[in-house]
Amino acid sequence: MIYDTLNNLPNYLGMSDNLDAVIEFVMARDINNLPAGKTRIDDDKAVVTVCTVTPQTSDKALFQRRDNHLTLETDLEGSELFEVSLGELTPTKPTDEAADLTVGSAGTSIAGMLCEGRFALYLAGEPYKSGLKAQGCGKLKKAVFSIELDEDEEEAAEE
């Protein structure tokens, strides 16, 4: 996981071609003005979904893991908590292959707070929870970028 400010996002150029496309997309526009719903980036190599959610408590949320995608999240309005597990995910139902999504429970985690101007980048295979209720915060508007692994990253993940 990488946790930083959007101002520092260009520092992560060069990590992945598909992540580079997302960084360039974010830096070239005011993402607060993105339309609700999905916007495709770079021929479907990445998609951003802008949505409004009601945060939930950690005990009601499941960890999620994507094995073939990076996930970059930032809050456009409001703030939320997130958790990243330091252990393995124990699935509670079969993986949704089409969505590249496995949900379940996981052991020890670290927590942080996401808010306007900050981002969290969850790595492929990393169990995390997001959209968790922060004290005093109600609904939040967020942008979630789903970024396909580059072909060479997929090969490395399989080894």
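Student: What should I know before I start?

Tutor: Residues are numbered from 1 along each chain as its sequence is written. The model is predicted, so local features need pLDDT of at least 70 and side-chain atom pairs count only at pLDDT 80 or more, while totals for chains, interfaces and linings use all residues.

Student: Which residues lie nearest the centre of the largest pocket?

Tutor: First the idea: on a 1 Å grid over the protein atoms alone, a pocket is an open set of points where a 1.4 Å probe fits, with protein on both sides within 12 Å along at least five of seven lines; lining residues have an atom within 4 Å of a point. Here the lining has 29 residues, and Gln64, Arg66, Glu73, Tyr128 and Val144 lie nearest the centre.

Student: Which strand gives the largest share of that lining?

Tutor: Strands are DSSP runs (E, at least two residues), numbered from the N terminus. In this model β3 leads, with five residues. Other strands that supply at least two residues include β5 (69–77) and β12 (140–148).

Student: Is aspartate 100 buried or exposed?

Tutor: Buried means under 20% relative accessible area, exposed over 50%, and partly exposed in between (1.4 Å probe, protein chains only). Aspartate 100 is buried because its relative accessibility is 8%. This residue sits in the loop between β7 (89–91) and β8 (102–106), and has a positive phi of about 50° although it is not a glycine.

Student: And what is the phi of aspartate 42?

Tutor: Aspartate 42 has a positive phi of about 55°. Its loop runs between β2 and β3, and at 41% relative accessibility aspartate 42 counts as partly exposed.

Terms used. Heavy atoms only, no water. Helix = DSSP H or I, 4+ residues; strand = E, 2+ residues; numbered from the N terminus.
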